Amino acid sequence: MTFIPENSESKGRFLSRPIIATIIVGMLLRLVMGLLFSFPDDTQSWALTISNFEASGSLYELAGYYYMPIWGYILGTIDVLGESFGVDQFGTRLIELLPLENGESVAYTLIPSVKFSLMFKIGLFICDLAVSYLVWYIVMDRTGDSRKSTIAFILSFLCPLVITACTSQGMFDTIGALLTLLCVVLMMKEHYFLAGSMFAFATVIKVFPGFLIFLLAAYVLSKHRADKTGVRNLMKAVIGATISFAIIIMPQVMEGGANGVGIEAGL
């Protein structure tokens, strides 16, 4: 399987001038906003989780991490990569501003370091680009119209909500979106086992892709209505999703830290 639209006229046309200009502008906006703005509560949660890893603690040992394990695994990977670039300080807490917190959980006094902000946000920026490419891919594959697919890419990559989610908030919704779109593309190409795997990964990253389960199932069944293989292909997706979910959750089950896993998963 290749991620080049089947329409022969569309091959090799992704990097057009409007798309290159959009990538440059979108990345500059993300870098500037990512450096200047960071919601302190989320940033503190990621810093605490990584610090706990470095202290040989388990993922759910400390309060502050309320997601399924996969995001914790990603944070651990980011930490390993960050060490190669000398990221040794996550931020500074301004004691003088403690009265501003007023007893709330939001750590308004935490000032994240530039290196730490970029450490996990750059990966989110790249995911945004990949999501926008898949949006372009789907539109181009279905319509063969380069103008429509270019507009779709621009609307996706320059969407203010998308930009603020990974820059100001530092949230990882874009990873769930990427995995969901990969699931859709794999279903379009009839790779149902892999599609089910991507759906499982997307759902445990953020619960919201799970709302698409009936829509995706209906797509598979309707697509194979003529050859009557819909149920069989749907079962392939279910098996792929089940195996992937087991792989994700198994380390926590083996460690005994599955109690409360996903209490606020993705919410």
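Let me start with a contact between two helices: I175, G176, L179, T180, L182, C183, L186 and M187 in α7 meet Y192, L194, A195, M198, F199, F201, A202 and I205 in α8. Sorted by class, this contact of α7 with α8 has 14 nonpolar residues and two polar ones, with no charged residues. What we are looking at is a predicted model, and its mean pLDDT is 81, with 81% of the residues of the protein reaching 70 or more.

To stay with this pair for a moment, α7 covers residues 173-188, and its axis and that of α8 come within 8 Å and cross at roughly 160°. Angles over 145 degrees count as roughly antiparallel, and α7 and α8 are therefore roughly antiparallel to each other. Their crossing is left-handed.

Helix α8, which spans residues 192-205, also packs with helix α3, residues 69-84, and here the angle is about 85° with the axes 7 Å apart. α3 and α8 are therefore roughly perpendicular to each other. In this contact I70, W71 and I74 of α3 meet F201, V204 and I205 of α8, and the residues divide into six nonpolar, no polar and no charged.

Let me turn now to α4, residues 114-143, and α5, residues 146-157, whose axes come within 8 Å and cross at roughly 155°. By the cut-off I mentioned, α4 and α5 are therefore roughly antiparallel to each other, and α4 passes α5 in a right-handed crossing. The contact draws on residues of α4 that include F125, D128, L129 and W136, and on residues of α5 that include K148, F153 and F157. By class, the residues of this contact divide into eleven nonpolar, five polar and two charged.

Which side chain does D128 meet in a salt bridge? The partner is R30, at 3.0 Å from N to O. D128 lies in helix α4 and R30 in helix α1, residues 17-36, so the pair ties together parts that are 98 residues apart in sequence.

I would like to end with a word on confidence, which concerns residues 258-267. Over this stretch pLDDT stays under 50, and the model has 25 contacts for it beyond four places in sequence.

How values were computed:
Residues numbered from 1 in each chain as written. Predicted model: local features only at pLDDT ≥ 70, side-chain atom pairs only at ≥ 80, totals over all residues. Heavy atoms only, no water. pLDDT = per-residue confidence, 0-100. Contact = heavy atoms within 4.5 Å. Axes fitted to C-alpha atoms, helices over the stretch in contact; angles between N-to-C directions. Helix = DSSP H or I, 4+ residues; strand = E, 2+ residues; numbered from the N terminus. Parallel < 35°, antiparallel > 145°, perpendicular 65-115°, else oblique. Left-handed = near helix turned anticlockwise from the far one by under 90°. Nonpolar A, V, L, I, M, F, W, Y, C, P; charged D, E, K, R; others polar. Salt bridge = Lys/Arg side-chain N within 4 Å of Asp/Glu carboxyl O.
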